[in-house]
Amino acid sequence: MTVRPKSTELAANMPLAGQKAINLALQGGGSHSAFTWGVLDRLLDDERLNFDGISATSAGSVNAVLVAEGLASGGRQAAKDLLKVFWKKISDLTSFSIIAPSFFDKFNPTYGLEHSPGYIFVDMVSRFISPYQLNPLDINPLRDLLTEVVNFDRVRQQQVVKLFLSASNVRTGKVVVFTHKEITADHVLASACLPFRMRALEIAGEYYWDGGFMGNPVIFPVIYGCDSCDILLVHLTPAERAELPMTSQDILDRIEEISFNAALMREMRVITQVTKLIDEGQLSGHRRLFIHSIDAEDITKRLAHSSKMNGEWRFLMQLFELGWERADRWLAANFDHLGVATTFDLQSSYF
């Protein structure tokens, strides 16, 4: 049966005169993805842009699904409204939970949770007790919230924007990409499943962990599955750090950062080499891609790793505003380059 898009879907998906289509690549980062919310809010304001596809991982997958649902249900303003509704609800959910920031944490400039008794307890227990022992009933408030806020039937049927959510197959160690035609709340959770925090998500007999292990996010789906040659990466995970991690926690945190950037760096290196061959006339039959980036690395590297679990509304709004401002500056400087040139220095960033 062919699902016909609603009129709002058709209007949102049909490029207008002067519009430029782009693909988005959204990294994960827990609460840090409120920065991505700000970026998306600003991009949605600009009707010169049309979204072809979104590849996302972890919390980036949540943002991607919210954008698709909002665009399909009521257009750009509905997408902006839905993003805000979700982030406010997630703030209410976490700020009154066991891991809520303590009085002292509220004055921490790095927004860490080092003085939250609940967070310290959960963090310590997770090192010795698996989620299967700690949460035998598989209670997951995020699943309930996603089901409440997102109409997944509409997400699967919409033709406004192509979605590609990545997860890591626990058994094979390979990346798996879920498309919007199959996405449920469990697919989003699979993309965001940190092994020490959540039970692996079972889908059709396979088990999945966070997609960040194999691609944060993966780029190839928008290359082969979309028409636009422009890819805008919203980069949250620090690639470089000047200081040497000395404590066991800092070492673990840095290992995670390196791991979550590794697959992206490999893909970007391939793109760089292929682009060089195309520009030199040594390779034909391949599309010339244009890569762009809105980077929050200088912001997130100053934040405590535990701030990814901090849902305080003041913190989320600060990240939102920073994301909005950087997207605004990026549009002013780079809109005219879309479809024409890469605006991101791939060579220095990934070599």
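Guide: The buried residues of helix α5 pack against α6 (131–134) and α11 (248–279). Helix α5 covers residues 117–125, and its buried members are Gly118, Tyr119, Asp123 and Val125. Please keep in mind that the model is predicted.

Let us turn next to helix α2, which spans residues 34–45, and to its packing with helix α13, residues 313–334. The axes of these two helices come within 6 Å and cross at roughly 45 degrees. Angles under 35 degrees count as roughly parallel, and 65 to 115 as roughly perpendicular; α2 and α13 are therefore oblique to each other. Their crossing is right-handed. On the α2 side, the contact is made by Ala34, Phe35, Trp37, Gly38, Val39, Asp41, Arg42, Leu43 and Asp45. On the α13 side, the contributors include Trp313, Leu316, Met317, Phe320, Gly323, Trp324, Arg326 and Leu331. Sorted by class, the residues of this contact are 14 nonpolar, two polar and five charged.

Helix α2 also packs with helix α4, residues 76–95, at an angle of about 165 degrees and with the axes 9 Å apart. Since angles over 145 degrees count as roughly antiparallel, α2 and α4 are therefore roughly antiparallel to each other. Here the crossing is left-handed. From α2, the contact draws on Ala34, Trp37, Leu40, Asp41, Leu43, Leu44 and Asp45; from α4, it draws on Arg76, Ala79, Lys80, Leu83, Lys84 and Trp87. This contact of α2 with α4 has eight nonpolar, no polar and five charged residues.

In soluble globular proteins, nonpolar side chains tend to be buried together. In this model, the largest nonpolar core has 67 residues. Those with the most contacts inside this core are Leu24, Phe35, Ile54, Val65, Phe86 and Leu163. Helix α3, residues 59–74, supplies the largest share of the core, eight residues.

Terms used:
Residues numbered from 1 in each chain as written. Predicted model: local features only at pLDDT ≥ 70, side-chain atom pairs only at ≥ 80, totals over all residues. Heavy atoms only, no water. Axes fitted to C-alpha atoms, helices over the stretch in contact; angles between N-to-C directions. Helix = DSSP H or I, 4+ residues; strand = E, 2+ residues; numbered from the N terminus. Left-handed = near helix turned anticlockwise from the far one by under 90°. Contact = heavy atoms within 4.5 Å. Nonpolar A, V, L, I, M, F, W, Y, C, P; charged D, E, K, R; others polar. Core = buried A, V, L, I, M, F, W, Y, C linked by side-chain atoms within 4.5 Å. Buried < 20%, exposed > 50% of the residue type's maximum accessible area, 1.4 Å probe, protein only.
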